[in-house]
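Me: Hi! I have a chain open on my screen and I'd like to talk it through. Could you help me find my way around?

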Amino acid sequence: MTDTSLRLLVPEDCALLLVDQQAGLAFGVGSNDRQVLLNNVIALAKTARAFGLPVVASTSATKVYSGPLMPAIQAVLPGVASLERRNMNVWEDEAARSAIVKTGRRRLIVSGLFTEACVTFPVLSALGDGFEVYVAGDTCGGLTPASHDLALRRMEAAGARVTSWIQVLLELQRDWTRHATYDQARAIVEAHGGGYGIGLAYARDMIHPA
């Protein structure tokens, strides 16, 4: 029997879960540069929008500590309303879990803060319920580099696939002649893809075939 988790991602199978991407929590991130982290999350959110992935966003303690979904992320997901919850595990919140299930997608891409808790807990729970889970590790932030890495390792050992936002985008696009998503995908890479994006912009503006 073929392991379905070895199949490449296709937009029709996937949904994106954003967990606690809030400024009050981002203050505590020590695993990587916060501006780089925000750049990566925005790129992943734009990718979900470009390829038509359903997006479920959940937040916690918005009024007392953490603040709303970060405005720069909300700006690229204007139709997405965050679901507020009290517990750390999205999967134990009926409204949030139901929203994920109602997407009808069984392959879940997860991004969130903090990696050690509010990412790990729903990932383990979703795996237990038979979902395929892909953790975009460079869009997650932990309290320290070590604890972030250990959390990713724990999820991977449980069966989650650890990936990155750029791999998700390239895997969903796969062929630059797919014109329906070409312009949006390329624009995301140019805006958020570092040296690769700079190279794409250069090639477009400066290299003209004879």
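Me: Which residue in S4 is the bridge partner of leucine 18?

Reply: That would be serine 111. Keep in mind as we go that this is a predicted model.

Me: Thanks! How do S1 and S4 pair, parallel or antiparallel?

Reply: They pair in the parallel sense, over six bridges. S1 covers residues 14-19, while strand S4 covers residues 107-112.

Me: And how many bridges are there between S1 and S2?

Reply: Four, and that pairing is parallel too. Strand S2 is made up of residues 55-60.

Me: Which residues sit on each side of S1?

Reply: Cys14, Leu16 and Leu18 are on one side, and Ala15, Leu17 and Val19 are on the other. Both faces are covered, with all of these residues buried.

Me: New topic: where does threonine 163 lie?

Reply: You'll find threonine 163 in strand S6, which runs over residues 161-163.

Me: Buried or exposed, and why?

Reply: Threonine 163 counts as buried, because its relative accessibility is 12% and the cut-off for buried is under 20%.

Me: What does threonine 163 touch?

Reply: Leaving out residues up to four places away in sequence, threonine 163 touches Tyr134, Val135, Ala136, Gly137, Asp138 and Val168.

Me: Let's zoom out. How many helices and strands does the chain have?

Reply: There are nine helices and six strands. The radius of gyration is 17 Å, close to the 17 Å that the globule rule gives for 210 residues, so the chain is as compact as a globular protein of that length.

Me: What size of box do the C-alpha atoms fill?

Reply: Roughly 60 × 45 × 35 Å, taken along the principal axes.

Me: What share of the residues is buried?

Reply: Of the 210 residues, 50% count as buried. The accessible surface comes to about 10100 Å², and 59% of that belongs to carbon and sulfur atoms.

Me: What about contacts between residues at least 6 apart in sequence?

Reply: Among those contacts, 78% join residues at least 24 apart.

Me: Last one: how far apart are the mean positions of the positive and negative charges?

Reply: They are 3 Å apart, for 19 positive and 20 negative charges.

Terms used
Residues numbered from 1 in each chain as written. Predicted model: local features only at pLDDT ≥ 70, side-chain atom pairs only at ≥ 80, totals over all residues. Heavy atoms only, no water. Helix = DSSP H or I, 4+ residues; strand = E, 2+ residues; numbered from the N terminus. Rg over C-alpha atoms; globule rule 2.2 N^0.38 Å. Buried < 20%, exposed > 50% of the residue type's maximum accessible area, 1.4 Å probe, protein only. Contact = heavy atoms within 4.5 Å. Areas by Shrake-Rupley, 256 points an atom, 1.4 Å probe, with all protein chains shown as cover. Lys, Arg positive; Asp, Glu negative; His and termini not counted. Charge placed at Lys NZ, Arg CZ, Asp CG, Glu CD. Pairing = 2+ DSSP bridges.
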